[in-house]
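Student: I am new to this structure and would like to learn how to read it. Could you take me through some of its features, please?

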Amino acid sequence: PPASQNNEQGSTLRDLLTTTAGKLRLGSTDAGIAFAPVYSTGTASGKSGRTMPNILDDIIASVVENKIPPNRAPKINVKSEIKEEPKDDNKCIQDDCSKRYSDIQYSWICDKHVLWLRDHKNSNNWKLFKECWKQGRPVLVSGMHKKMNFSLWKAESISLDFGNQQADILNCKDSIISNTNVKEFWDGFEDVSKRQKVKNGETALLKLKDWPSGEDFKAMMPARYEDLLKSLPLPEYCSPEGKLNLASHLPGFFVRPDLGPRLCSAYGVAATKDHDIGTTNLHIEVSDVVNILVYVGIAKGNGVLSKSGVLKKLEEEDLDDLLRKRLKDSSELPGALWHIYAGKDADKIREFLQKIAKEQGLEVLPEHDPIRDQSWYVNKKLRQRLFEEYGVKTCTVIQFLGDAIILPAGALHQV
(Lines give C-alpha, C1' and ligand atoms only; values in the text may rest on other atoms or scores of the structure.)
Protein backbone atom coordinates (compact mmCIF):
# COMPACT_ATOMS: atom_id res chain seq x y z
CA PRO A 1 0.00 0.00 0.00
CA PRO A 2 1.05 3.64 -0.49
CA ALA A 3 2.97 5.14 2.42
CA SER A 4 0.08 7.53 3.11
CA GLN A 5 -2.18 4.60 4.00
CA ASN A 6 0.25 2.77 6.27
CA ASN A 7 -1.42 4.13 9.37
CA GLU A 8 -4.56 2.24 8.46
CA GLN A 9 -2.94 -1.17 8.19
CA GLY A 10 -3.60 -3.23 11.32
CA SER A 11 -1.44 -6.16 12.33
CA THR A 12 -4.34 -8.05 13.88
CA LEU A 13 -8.00 -8.60 13.14
CA ARG A 14 -8.80 -6.35 16.13
CA ASP A 15 -6.73 -3.55 14.56
CA LEU A 16 -8.40 -4.11 11.19
CA LEU A 17 -11.85 -3.83 12.67
CA THR A 18 -11.10 -0.80 14.85
CA THR A 19 -9.34 1.13 12.07
CA THR A 20 -12.33 0.68 9.79
CA ALA A 21 -14.98 1.54 12.40
CA GLY A 22 -16.90 4.52 11.18
CA LYS A 23 -15.57 4.12 7.61
CA LEU A 24 -18.05 1.66 6.15
CA ARG A 25 -20.60 2.63 3.54
CA LEU A 26 -23.30 0.04 4.04
CA GLY A 27 -26.03 -0.46 1.42
CA SER A 28 -27.17 2.71 -0.30
CA THR A 29 -26.75 4.91 2.79
CA ASP A 30 -23.66 6.72 3.96
CA ALA A 31 -24.14 6.04 7.67
CA GLY A 32 -20.71 5.50 9.16
CA ILE A 33 -21.63 2.88 11.73
CA ALA A 34 -19.35 -0.12 11.74
CA PHE A 35 -21.13 -3.43 11.26
CA ALA A 36 -24.60 -2.24 12.28
CA PRO A 37 -26.62 -3.94 9.52
CA VAL A 38 -24.12 -6.72 8.79
CA TYR A 39 -26.30 -9.41 10.39
CA SER A 40 -29.66 -9.70 12.05
CA THR A 41 -31.04 -12.26 14.42
CA GLY A 42 -33.43 -14.83 13.07
CA THR A 43 -37.07 -15.16 13.97
CA ALA A 44 -38.49 -18.03 15.99
CA SER A 45 -38.96 -19.99 12.76
CA GLY A 46 -35.29 -19.48 11.88
CA LYS A 47 -36.11 -18.46 8.31
CA SER A 48 -34.63 -14.98 8.24
CA GLY A 49 -31.37 -13.29 9.07
CA ARG A 50 -27.76 -14.37 9.07
CA THR A 51 -26.48 -16.78 11.68
CA MET A 52 -23.65 -16.18 14.14
CA PRO A 53 -20.96 -18.28 12.36
CA ASN A 54 -21.23 -16.00 9.32
CA ILE A 55 -20.58 -12.76 11.21
CA LEU A 56 -16.80 -12.73 10.80
CA ASP A 57 -17.00 -13.45 7.06
CA ASP A 58 -19.61 -10.73 6.66
CA ILE A 59 -17.55 -8.19 8.58
CA ILE A 60 -14.42 -8.85 6.55
CA ALA A 61 -16.42 -8.73 3.31
CA SER A 62 -17.91 -5.39 4.33
CA VAL A 63 -14.49 -4.03 5.22
CA VAL A 64 -13.06 -5.08 1.85
CA GLU A 65 -16.01 -4.12 -0.38
CA ASN A 66 -17.37 -1.01 1.26
CA LYS A 67 -14.33 0.83 2.54
CA ILE A 68 -14.70 4.53 1.82
CA PRO A 69 -11.85 5.97 -0.25
CA PRO A 70 -9.37 8.11 1.74
CA ASN A 71 -10.32 11.25 -0.19
CA ARG A 72 -13.94 11.03 0.88
CA ALA A 73 -14.98 11.91 4.39
CA PRO A 74 -17.60 9.61 5.85
CA LYS A 75 -20.96 11.04 6.73
CA ILE A 76 -22.46 10.15 10.06
CA ASN A 77 -26.15 10.80 10.04
CA VAL A 78 -27.89 8.51 12.46
CA LYS A 79 -31.56 9.21 13.14
CA SER A 80 -34.06 7.16 15.02
CA GLU A 81 -37.47 7.23 13.39
CA ILE A 82 -39.11 5.24 16.20
CA LYS A 83 -39.52 6.72 19.62
CA GLU A 84 -39.88 4.14 22.35
CA GLU A 85 -40.97 4.68 25.92
CA PRO A 86 -38.09 3.96 28.33
CA LYS A 87 -38.39 0.48 29.76
CA ASP A 88 -38.32 -0.36 33.42
CA ASP A 89 -36.23 -3.54 33.20
CA ASN A 90 -36.94 -4.32 36.85
CA LYS A 91 -40.71 -4.30 36.34
CA CYS A 92 -40.48 -5.89 32.92
CA ILE A 93 -38.58 -8.97 34.01
CA GLN A 94 -40.69 -9.51 37.14
CA ASP A 95 -44.06 -9.18 35.42
CA ASP A 96 -42.94 -11.49 32.64
CA CYS A 97 -41.42 -14.08 34.99
CA SER A 98 -44.48 -14.31 37.22
CA LYS A 99 -46.50 -15.47 34.21
CA ARG A 100 -43.95 -17.69 32.47
CA TYR A 101 -42.29 -19.41 35.44
CA SER A 102 -45.15 -20.21 37.78
CA ASP A 103 -43.68 -23.70 38.35
CA ILE A 104 -40.48 -22.27 39.93
CA GLN A 105 -40.20 -21.32 43.60
CA TYR A 106 -38.49 -17.95 43.66
CA SER A 107 -38.56 -14.48 45.22
CA TRP A 108 -36.94 -11.11 44.61
CA ILE A 109 -34.81 -9.66 47.41
CA CYS A 110 -32.68 -6.55 47.92
CA ASP A 111 -35.20 -4.12 46.44
CA LYS A 112 -35.87 -6.53 43.55
CA HIS A 113 -32.19 -6.60 42.58
CA VAL A 114 -31.36 -10.22 43.52
CA LEU A 115 -33.19 -13.35 42.37
CA TRP A 116 -33.64 -15.97 45.10
CA LEU A 117 -34.25 -19.50 43.80
CA ARG A 118 -35.65 -21.35 46.80
CA ASP A 119 -35.81 -24.90 45.41
CA HIS A 120 -32.38 -26.06 44.30
CA LYS A 121 -33.84 -29.31 42.87
CA ASN A 122 -36.09 -27.67 40.27
CA SER A 123 -34.69 -28.60 36.87
CA ASN A 124 -36.27 -25.52 35.29
CA ASN A 125 -34.38 -23.03 37.48
CA TRP A 126 -31.89 -22.31 34.70
CA LYS A 127 -34.61 -20.88 32.46
CA LEU A 128 -35.51 -18.17 34.96
CA PHE A 129 -31.84 -17.72 35.86
CA LYS A 130 -31.11 -16.99 32.19
CA GLU A 131 -33.62 -14.10 32.18
CA CYS A 132 -32.05 -12.62 35.32
CA TRP A 133 -28.49 -13.20 34.11
CA LYS A 134 -29.17 -11.13 31.00
CA GLN A 135 -29.75 -8.20 33.33
CA GLY A 136 -26.39 -8.74 35.05
CA ARG A 137 -27.96 -9.41 38.45
CA PRO A 138 -26.73 -11.58 41.33
CA VAL A 139 -28.62 -14.80 42.05
CA LEU A 140 -29.06 -16.71 45.32
CA VAL A 141 -29.82 -20.46 45.34
CA SER A 142 -30.58 -22.01 48.72
CA GLY A 143 -30.36 -25.57 50.04
CA MET A 144 -27.21 -26.76 48.25
CA HIS A 145 -25.88 -28.41 51.43
CA LYS A 146 -28.73 -30.95 51.22
CA LYS A 147 -27.02 -32.49 48.20
CA MET A 148 -23.58 -32.62 49.86
CA ASN A 149 -21.77 -35.04 52.17
CA PHE A 150 -21.74 -32.70 55.17
CA SER A 151 -19.14 -34.72 57.11
CA LEU A 152 -16.49 -33.91 54.48
CA TRP A 153 -16.73 -30.18 55.13
CA LYS A 154 -16.53 -30.07 58.93
CA ALA A 155 -13.57 -28.10 60.26
CA GLU A 156 -12.31 -31.06 62.31
CA SER A 157 -12.50 -33.34 59.26
CA ILE A 158 -10.39 -30.99 57.10
CA SER A 159 -7.93 -30.45 59.95
CA LEU A 160 -7.58 -34.22 60.47
CA ASP A 161 -6.95 -34.89 56.77
CA PHE A 162 -4.74 -31.92 55.91
CA GLY A 163 -3.46 -30.44 59.19
CA ASN A 164 0.17 -31.00 58.20
CA GLN A 165 -0.10 -28.84 55.05
CA GLN A 166 1.53 -25.39 54.85
CA ALA A 167 -0.50 -22.43 53.55
CA ASP A 168 -0.76 -18.64 53.56
CA ILE A 169 -2.81 -17.36 56.49
CA LEU A 170 -4.00 -13.75 56.38
CA ASN A 171 -4.58 -11.59 59.45
CA CYS A 172 -7.60 -9.67 58.13
CA LYS A 173 -7.19 -6.66 60.42
CA ASP A 174 -3.65 -5.64 59.47
CA SER A 175 -3.27 -7.63 56.21
CA ILE A 176 -0.19 -9.52 57.42
CA ILE A 177 0.30 -12.84 55.64
CA SER A 178 2.26 -15.69 57.15
CA ASN A 179 3.04 -19.17 55.86
CA THR A 180 2.18 -21.65 58.55
CA ASN A 181 0.75 -25.05 59.37
CA VAL A 182 -2.99 -25.13 58.60
CA LYS A 183 -3.72 -27.23 61.72
CA GLU A 184 -3.13 -24.12 63.78
CA PHE A 185 -5.86 -22.32 61.82
CA TRP A 186 -8.37 -25.17 62.05
CA ASP A 187 -7.76 -25.77 65.76
CA GLY A 188 -8.96 -22.25 66.45
CA PHE A 189 -11.84 -22.33 63.98
CA GLU A 190 -14.45 -23.10 66.65
CA ASP A 191 -12.35 -22.76 69.82
CA VAL A 192 -11.46 -19.11 70.42
CA SER A 193 -9.02 -20.01 73.21
CA LYS A 194 -6.76 -21.71 70.62
CA ARG A 195 -6.61 -18.72 68.29
CA GLN A 196 -3.58 -16.51 67.80
CA LYS A 197 -3.38 -13.31 69.82
CA VAL A 198 -2.17 -9.99 68.44
CA LYS A 199 0.03 -7.49 70.31
CA ASN A 200 -2.74 -5.92 72.39
CA GLY A 201 -4.07 -9.31 73.45
CA GLU A 202 -7.00 -9.33 71.05
CA THR A 203 -7.94 -12.46 69.16
CA ALA A 204 -6.66 -12.45 65.58
CA LEU A 205 -9.18 -12.59 62.75
CA LEU A 206 -7.58 -15.11 60.40
CA LYS A 207 -8.36 -16.29 56.90
CA LEU A 208 -6.95 -19.29 55.08
CA LYS A 209 -6.32 -17.65 51.74
CA ASP A 210 -7.61 -19.64 48.75
CA TRP A 211 -6.33 -22.97 50.03
CA PRO A 212 -6.37 -25.21 48.13
CA SER A 213 -7.14 -23.78 44.70
CA GLY A 214 -7.68 -24.97 41.12
CA GLU A 215 -5.83 -28.14 40.14
CA ASP A 216 -4.39 -28.38 43.67
CA PHE A 217 -7.94 -28.66 45.02
CA LYS A 218 -8.76 -31.56 42.72
CA ALA A 219 -5.48 -33.38 43.40
CA MET A 220 -5.47 -32.82 47.16
CA MET A 221 -9.17 -33.28 47.90
CA PRO A 222 -10.62 -35.58 45.22
CA ALA A 223 -13.59 -36.69 47.36
CA ARG A 224 -14.49 -33.12 48.25
CA TYR A 225 -13.96 -32.01 44.67
CA GLU A 226 -16.43 -34.62 43.40
CA ASP A 227 -18.89 -33.76 46.19
CA LEU A 228 -18.73 -30.08 45.24
CA LEU A 229 -19.16 -30.71 41.52
CA LYS A 230 -22.23 -32.90 41.92
CA SER A 231 -23.76 -30.25 44.19
CA LEU A 232 -23.24 -27.16 42.03
CA PRO A 233 -26.37 -25.08 41.40
CA LEU A 234 -27.57 -24.52 37.85
CA PRO A 235 -25.15 -27.07 36.36
CA GLU A 236 -25.93 -25.84 32.84
CA TYR A 237 -23.98 -22.70 33.78
CA CYS A 238 -21.84 -23.62 36.79
CA SER A 239 -20.56 -27.12 36.04
CA PRO A 240 -17.20 -27.31 34.22
CA GLU A 241 -19.00 -29.39 31.60
CA GLY A 242 -22.10 -27.19 31.53
CA LYS A 243 -23.30 -26.44 28.00
CA LEU A 244 -23.66 -22.74 28.87
CA ASN A 245 -20.39 -22.44 30.81
CA LEU A 246 -18.61 -20.62 27.99
CA ALA A 247 -15.28 -20.19 29.77
CA SER A 248 -14.87 -23.96 30.07
CA HIS A 249 -15.26 -24.37 26.33
CA LEU A 250 -12.79 -21.69 25.18
CA PRO A 251 -10.20 -22.96 22.68
CA GLY A 252 -6.81 -23.77 24.17
CA PHE A 253 -5.07 -20.71 22.74
CA PHE A 254 -7.08 -18.37 24.99
CA VAL A 255 -5.71 -17.38 28.37
CA ARG A 256 -8.43 -18.73 30.63
CA PRO A 257 -9.47 -17.14 33.91
CA ASP A 258 -8.83 -19.19 37.05
CA LEU A 259 -12.11 -21.06 37.36
CA GLY A 260 -11.13 -22.74 40.64
CA PRO A 261 -12.54 -24.25 42.65
CA ARG A 262 -10.90 -22.81 45.73
CA LEU A 263 -11.65 -23.14 49.40
CA CYS A 264 -12.14 -19.86 51.29
CA SER A 265 -12.15 -20.30 55.07
CA ALA A 266 -12.21 -17.56 57.72
CA TYR A 267 -12.96 -16.94 61.38
CA GLY A 268 -16.16 -15.09 62.17
CA VAL A 269 -16.02 -11.37 62.90
CA ALA A 270 -18.42 -11.94 65.83
CA ALA A 271 -15.50 -13.17 67.95
CA THR A 272 -13.58 -9.88 67.54
CA LYS A 273 -14.05 -6.53 69.25
CA ASP A 274 -13.96 -4.63 65.97
CA HIS A 275 -16.99 -5.46 63.83
CA ASP A 276 -16.04 -2.91 61.16
CA ILE A 277 -13.64 -5.26 59.41
CA GLY A 278 -14.30 -8.00 56.90
CA THR A 279 -12.70 -11.28 55.91
CA THR A 280 -12.86 -10.27 52.23
CA ASN A 281 -12.40 -6.61 51.36
CA LEU A 282 -14.23 -4.84 48.53
CA HIS A 283 -13.06 -6.21 45.17
CA ILE A 284 -14.08 -7.35 41.67
CA GLU A 285 -13.75 -10.82 40.16
CA VAL A 286 -12.71 -11.03 36.50
CA SER A 287 -15.08 -13.92 35.81
CA ASP A 288 -18.53 -14.93 36.98
CA VAL A 289 -18.29 -16.67 40.35
CA VAL A 290 -20.41 -19.06 42.39
CA ASN A 291 -19.76 -19.15 46.15
CA ILE A 292 -21.32 -21.96 48.20
CA LEU A 293 -21.35 -21.81 52.00
CA VAL A 294 -20.54 -25.45 52.81
CA TYR A 295 -19.96 -25.13 56.56
CA VAL A 296 -20.71 -22.70 59.40
CA GLY A 297 -18.79 -23.16 62.64
CA ILE A 298 -20.20 -22.06 65.99
CA ALA A 299 -17.34 -20.43 67.90
CA LYS A 300 -17.03 -21.03 71.65
CA GLY A 301 -14.99 -19.18 74.23
CA ASN A 302 -14.71 -15.95 76.18
CA GLY A 303 -15.99 -12.80 74.51
CA VAL A 304 -17.84 -14.59 71.73
CA LEU A 305 -21.33 -13.34 70.94
CA SER A 306 -24.13 -15.79 71.59
CA LYS A 307 -26.30 -16.87 68.67
CA SER A 308 -28.92 -14.34 69.72
CA GLY A 309 -26.20 -11.67 69.86
CA VAL A 310 -25.07 -12.51 66.33
CA LEU A 311 -28.67 -12.36 65.08
CA LYS A 312 -29.11 -8.98 66.76
CA LYS A 313 -26.01 -7.65 65.01
CA LEU A 314 -27.28 -8.90 61.65
CA GLU A 315 -30.70 -7.34 62.23
CA GLU A 316 -28.98 -3.93 62.51
CA GLU A 317 -28.11 -4.21 58.82
CA ASP A 318 -30.27 -2.75 56.05
CA LEU A 319 -32.00 -6.03 55.28
CA ASP A 320 -34.78 -7.11 52.99
CA ASP A 321 -37.96 -8.28 54.78
CA LEU A 322 -37.49 -11.81 53.42
CA LEU A 323 -33.96 -11.98 54.85
CA ARG A 324 -35.23 -10.81 58.24
CA LYS A 325 -37.79 -13.59 58.08
CA ARG A 326 -35.05 -16.15 57.33
CA LEU A 327 -33.08 -14.93 60.36
CA LYS A 328 -35.99 -15.87 62.60
CA ASP A 329 -36.22 -19.37 61.13
CA SER A 330 -34.51 -21.74 63.61
CA SER A 331 -33.72 -24.22 60.82
CA GLU A 332 -31.55 -21.65 59.02
CA LEU A 333 -27.92 -21.01 60.03
CA PRO A 334 -26.47 -17.62 58.96
CA GLY A 335 -22.76 -17.61 58.23
CA ALA A 336 -21.68 -14.68 56.06
CA LEU A 337 -22.72 -11.09 55.44
CA TRP A 338 -22.28 -9.80 51.87
CA HIS A 339 -22.42 -6.27 50.49
CA ILE A 340 -22.76 -6.22 46.71
CA TYR A 341 -22.61 -3.35 44.20
CA ALA A 342 -23.38 -3.21 40.48
CA GLY A 343 -20.38 -2.95 38.17
CA LYS A 344 -21.72 0.32 36.73
CA ASP A 345 -21.08 1.98 40.12
CA ALA A 346 -17.37 1.07 40.22
CA ASP A 347 -16.09 4.52 39.19
CA LYS A 348 -18.27 6.29 41.74
CA ILE A 349 -17.06 3.94 44.47
CA ARG A 350 -13.41 4.48 43.49
CA GLU A 351 -13.89 8.24 43.65
CA PHE A 352 -15.63 7.94 47.02
CA LEU A 353 -12.89 5.76 48.57
CA GLN A 354 -10.15 8.07 47.32
CA LYS A 355 -12.05 10.97 48.88
CA ILE A 356 -12.29 9.12 52.22
CA ALA A 357 -8.59 8.25 52.06
CA LYS A 358 -7.70 11.93 51.68
CA GLU A 359 -10.00 12.83 54.58
CA GLN A 360 -8.09 10.31 56.70
CA GLY A 361 -4.77 11.88 55.72
CA LEU A 362 -3.65 8.95 53.60
CA GLU A 363 -1.50 9.48 50.52
CA VAL A 364 -3.47 8.83 47.32
CA LEU A 365 -1.24 8.17 44.33
CA PRO A 366 -2.61 8.80 40.80
CA GLU A 367 -2.26 5.12 39.87
CA HIS A 368 -3.83 3.87 43.10
CA ASP A 369 -7.00 1.82 42.62
CA PRO A 370 -8.61 1.03 46.00
CA ILE A 371 -10.80 -1.70 44.46
CA ARG A 372 -8.00 -3.47 42.61
CA ASP A 373 -5.80 -3.29 45.70
CA GLN A 374 -8.60 -4.68 47.90
CA SER A 375 -7.61 -2.22 50.60
CA TRP A 376 -11.07 -1.27 51.91
CA TYR A 377 -13.89 -2.84 53.84
CA VAL A 378 -16.73 -0.30 53.58
CA ASN A 379 -18.31 -0.16 57.03
CA LYS A 380 -21.88 0.83 57.84
CA LYS A 381 -21.11 4.53 58.30
CA LEU A 382 -19.29 4.70 54.96
CA ARG A 383 -22.04 2.76 53.19
CA GLN A 384 -24.51 5.40 54.36
CA ARG A 385 -22.27 8.21 53.10
CA LEU A 386 -21.81 6.42 49.77
CA PHE A 387 -25.57 6.44 49.31
CA GLU A 388 -26.10 10.04 50.48
CA GLU A 389 -23.20 11.59 48.55
CA TYR A 390 -23.05 9.44 45.41
CA GLY A 391 -26.47 7.79 45.21
CA VAL A 392 -24.92 4.30 45.30
CA LYS A 393 -27.07 1.85 47.22
CA THR A 394 -25.66 -1.24 48.90
CA CYS A 395 -27.25 -4.63 48.24
CA THR A 396 -27.01 -6.50 51.56
CA VAL A 397 -27.31 -10.29 51.51
CA ILE A 398 -27.00 -12.77 54.36
CA GLN A 399 -25.58 -16.09 53.20
CA PHE A 400 -26.96 -19.04 55.15
CA LEU A 401 -25.56 -22.56 55.28
CA GLY A 402 -26.04 -24.15 51.86
CA ASP A 403 -26.63 -20.87 50.03
CA ALA A 404 -24.94 -20.40 46.67
CA ILE A 405 -24.36 -16.78 45.67
CA ILE A 406 -23.75 -16.36 41.94
CA LEU A 407 -22.19 -13.04 40.90
CA PRO A 408 -21.66 -11.70 37.39
CA ALA A 409 -18.14 -10.63 36.46
CA GLY A 410 -17.57 -7.00 37.39
CA ALA A 411 -19.91 -6.94 40.39
CA LEU A 412 -18.17 -5.41 43.43
CA HIS A 413 -18.53 -7.24 46.73
CA GLN A 414 -17.15 -7.61 50.24
CA VAL A 415 -17.79 -10.30 52.87
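Student: How is the volume of the second largest pocket read here, and what is it about?

Tutor: This is a predicted model, and in it the second largest pocket has a volume of about 620 Å³.

Student: Which residues lie nearest the centre of the second largest pocket?

Tutor: They are C110, D111, H113, K393 and C395, out of 29 residues that line this pocket. By class, the lining is made of 11 nonpolar, 9 polar and 9 charged residues. Helix α3 (89-100) and the strands β10 and β11 each supply at least two lining residues.

Student: Where does D111 lie in the chain?

Tutor: D111 belongs to the loop between β1 (106-109) and β2 (114-117). Its phi is positive, about 55 degrees, although D111 is not a glycine.

Student: Is D111 buried or exposed?

Tutor: Exposed counts as over 50% relative accessible area. D111 has 54%, so it is exposed.

Student: What is phi near in L234?

Tutor: L234, also a residue other than glycine, has a positive phi near 45 degrees. It sits in the loop between α8 (222-230) and α9. Buried means under 20%, and L234 has 7% relative accessibility, so it counts as buried.

Student: Let us turn to the strands. In what order do the 4 strands of the open sheet come?

Tutor: The order is β8-β13-β10-β11, and the pairing is antiparallel. β8 (283-284) and β11 (395-400) stand at the edges with a single partner strand each, so one side of each has no neighbour in the sheet.

Student: How many bridges join β10 to β13?

Tutor: There are 3 bridges between β10 (residues 334-341) and β13 (residues 412-414). To find a place to look, go to I340, which stands opposite H413 in β13.

Student: And where does V286 lie?

Tutor: V286 is in the loop between β8 and β9 (289-292). With 76% relative accessibility, V286 counts as exposed. V286 and P408 are 122 residues apart in sequence, and their C-alpha atoms are 9.0 Å apart in space.

Student: Which residues does a cis peptide bond join, with omega about -20 degrees?

Tutor: That bond joins W211 and P212. P212 is placed in the loop between β6 (206-208) and α7 (214-220). The peptide bond from G260 to P261 is cis too, with omega near 0 degrees, and P261 is found in the loop between α9 (235-238) and β7 (265-266).

Note on methods: Residues numbered from 1 in each chain as written. Predicted model: local features only at pLDDT ≥ 70, side-chain atom pairs only at ≥ 80, totals over all residues. Heavy atoms only, no water. Pairing = 2+ DSSP bridges. Buried < 20%, exposed > 50% of the residue type's maximum accessible area, 1.4 Å probe, protein only. 1 Å grid on protein atoms, 1.4 Å probe; cavity = no way out; pocket = protein on both sides within 12 Å on 5 of 7 lines; lining within 4 Å. Points joined across faces, edges and corners; volume = space filled by probe spheres on them. Nonpolar A, V, L, I, M, F, W, Y, C, P; charged D, E, K, R; others polar.
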